[in-house]
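Colleague: Could you walk me through this model, with the cut-offs as we go? I have the viewer open.

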Amino acid sequence: MPKPFSSLPDISRRGFLKAGVAGAALAASSRWSLAEAAEPNVLNYLSWPGNADPYLIADFEKAHNVKVKIKEYVGGDQMLAVINQSPPGAFDVVLADAEYMHLLHAADFVEELDPADYPLKDFWPEFQKFPLHWFDGKLYGVMTDFGYLGLSYNTDVFKPEEVSSYAAMWSEKAKGKVGFFDWYLPSMGSISLSNGNRPPFDIDEAHFAAVKEKLFSLKPQASGFYTIADIFSSLTNGRAQLVPGIGEWITLGLRQSGVPVDTIIPAEGGLQWTESLSIVKGTPKRDLARKFIQYTTSPEGQVKMATKVDNKKSIPSIAGWKLLNETMPKEAEILRLELNKPNVMDEYAAKKINFRQLPQQQSIEDWNDVWSEFKSL
Amino acid sequence: MTLVERMRSGLGRRGARTAASPAVLPAMLGVPVGLWQAVFFAAPLGFLVVVTFWTVKSFRLEPDFSLANWERILLSGPFQRALLYTFEISLLSAVLTLLVALPAAYTIAFRLPRWLRDLAVTLLIVPVFSSYMLRIYAWQIVLSPGGIINSVLRFLLDLELNLLGGQISLQVGLLTLTLPVAILILVMAFSGIDRTLIEAAENLGCRRVRVIWHVMLPSIRRAIALAGSTAFLLAFGDYISPLFMTGSKPPTLSILIVDTVKSGSQWPRASVVGVSMLVILALVFLAVAWAGRAGKGGK
């Protein structure tokens, strides 16, 4: 899951100005509008913020003489709402989190893809047939990037061995210091993992009740419920010293700017978020859409995805890893994307990673209600 | 009399008078305001109420007439708790605002030399036009564990206070919003008091405290009610301070609205919360107006 704020730790006035100017320039040139959606040289892209950064797409635009116009959403619910309310042809490509793929597929919003069109063979074997992107043996989304969610902590306050289990959140030291990312899914997923539920989102009523009880017992430990922007400042100013259900997509950038934070995948396991690209049904620009996905999953596109300024991600393509190690070895080391060395695939090999999925046996609403109640306790 | 009524009576009278009647011009001047109110206030409000009866099917709003949204929200524990909590903090904020604003406005209006008074009023107006969000972020920097106050305390007394996230920080944030407006209202009211009344009271031997208590405060009673209810209104609907000063712990009604929308695009249920908030605010204003009138009758 990307973070949309490009210069958050930099709260200097110049940082603000720079971000503002850049944002305004970007908004003017690449913002999606329905009126221009049908123009042949426009690719309409529904995506998390930041994915129309020129760093990512300038090469594609030049090569195909098109303009990528982005409609940004924050959160899968908003993505589904936008796509539901738009006429066919409004969007050509959609970037979605894996757990929303089955909803896109069930509502018949995305096209079946031909696996031969895409460099899936370049991917790590684990990701060549990623379960959440295939339905009845047919491909509907091509993975572009991923990352892990575990337990993020303040390294001045906690030692790695103290946070090797989610139990650290209930410790005396963590009283009033456990911050929450205000989204039920990863937060409650972590609690479910701490209860030993694997997979964490496919649990029966009894286990769901136990997760609820365990979650509510965390209330005295809670410092607050933070939006994306506030989770950065809370980790920085020490208001939150332990945060479950977030990952290096937050802590890596903070650490690089000097904040003492890190993320660990506790013994009970962590979650994986995964983004993929799909072709929106009804697009008259199927070819262009296909080329965009091919570009993003090519070694060059993958390296850009991994090293994008605002949000560091892991990439599924081994060919992308190779190119990254050749051209930017330092970045490869920081991102833990080094071949034949300890890297992000180790957690996979250790079987510590579970997919982030929507609740399987309860409704989204049931989980959300528990989360709302927890917040208001 | 509401604007619409005023317009209507203006228009009604036109028939009885000639076209050149002095009532025509004010009525015509009032038309744009009435239109503005209708388009940007009455119509959206009506739509907000209508939406509360709609349903959401696979993230899409569908016209319907269902009471399920009302039932679900009004009977839910989180809503009731948020309602009570939001009411409490807004009331506290209104009281704190008046406690700070009254002496401040009195000082500005009566105790400062003219140039200083103008400067003070200017300084009060400026924040109204600056970003509230930015001011709250600034408070975070002041109050946070690694912030300015704690750095000074650590250096001087080796002490650390948990200032951010709690009632203190929340009220500081809300006062940032309410104080400038409340003080401005009261400064204008104090400045508008008939000075001859004050002189008369002083000539009759009243001390300053008695003058304030028996002459000044009664004459600005309405302004006090306005300042208090405005502070309540601002605090009641505020989203920024509860979010960034307490980290939504616990959530207020505004936060509940956002949460409700985030959870499956539930605009109808969020509208129920919104309409409930408007009803409560309307009741508060009616109560204050009624109390003001009752007080006047007693005089």
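Modeller: Happy to! Helices (H or I, at least four residues) and strands (E, at least two) are DSSP runs, numbered from the N terminus. This is a predicted model, in which local features need pLDDT of at least 70 and side-chain atom pairs count only at pLDDT 80 or more, while totals for chains, interfaces and linings use all residues. Residues are numbered from 1 along each chain as its sequence is written, and chains are lettered from A and ligands numbered from 1 in the order in which they are written.

Colleague: How many helices and strands does chain A have?

Modeller: Counting those DSSP runs, chain A comes to 15 helices and twelve strands.

Colleague: What is the radius of gyration of chain A, and what would a compact globule have?

Modeller: The radius is taken over C-alpha atoms, and the globule rule is 2.2 Å times the number of residues to the power 0.38. For 377 residues that rule gives a value near 21 Å, and chain A agrees with it. The C-alpha trace spans about 60 × 45 × 40 Å along the principal axes of chain A. The radius of gyration of chain A is 20 Å.

Colleague: What percentage of the residues of chain A count as buried?

Modeller: A residue is buried if 20 or more other C-beta atoms lie within 10 Å of its own, exposed if 12 or fewer, and partly exposed in between, with C-beta atoms placed from the backbone. Of the 377 residues of chain A, the buried part is 51%.

Colleague: Which helix of chain B gives the most to the side that touches chain A?

Modeller: Two residues are in contact if their C-beta atoms, placed from the backbone, lie within 7 Å. On that basis, 27 residues of chain B are in contact with 27 residues of chain A. At least two residues each come from α4 (77–111), α12 (240–246) and α13 (253–262) of chain B. With four residues, the one giving the most is α4(B).

Colleague: Is Ala104(B) in that helix buried or partly exposed?

Modeller: Ala104(B) lies in helix α4 of chain B. Its C-alpha atom is separated by 9.9 Å from that of Leu184(B), 80 residues apart along the chain. Because 17 other C-beta atoms lie within 10 Å, Ala104(B) is partly exposed.

Colleague: Why are α9(B) and α10(B) called roughly antiparallel?

Modeller: Axes are lines fitted to C-alpha atoms, for helices over the stretch in contact, and angles run from 0 to 180 degrees between N-to-C directions. Angles under 35 degrees count as roughly parallel, over 145 as roughly antiparallel, 65 to 115 as roughly perpendicular and the rest as oblique. The axes of α9 (residues 195–203) and α10 (residues 208–219) of chain B come within 10 Å. They are therefore roughly antiparallel, with a crossing angle of roughly 160 degrees.

Colleague: And how do the axes of α5(B) and α8(B) cross?

Modeller: The axes of α5 (residues 114–129) and α8 (residues 167–191) of chain B come within 9 Å and cross at roughly 140 degrees. That makes α5(B) and α8(B) oblique.

Colleague: Which classes do the residues of the contact of α5(B) with α8(B) divide into?

Modeller: Ala, Val, Leu, Ile, Met, Phe, Trp, Tyr, Cys and Pro count as nonpolar, Asp, Glu, Lys and Arg as charged, and the others, Gly among them, as polar. In α5(B), Val121(B), Leu124(B), Pro127(B) and Val128(B) meet residues of α8(B) including Pro180(B) and Leu184(B). The contact has no polar and no charged residues, and nine nonpolar.
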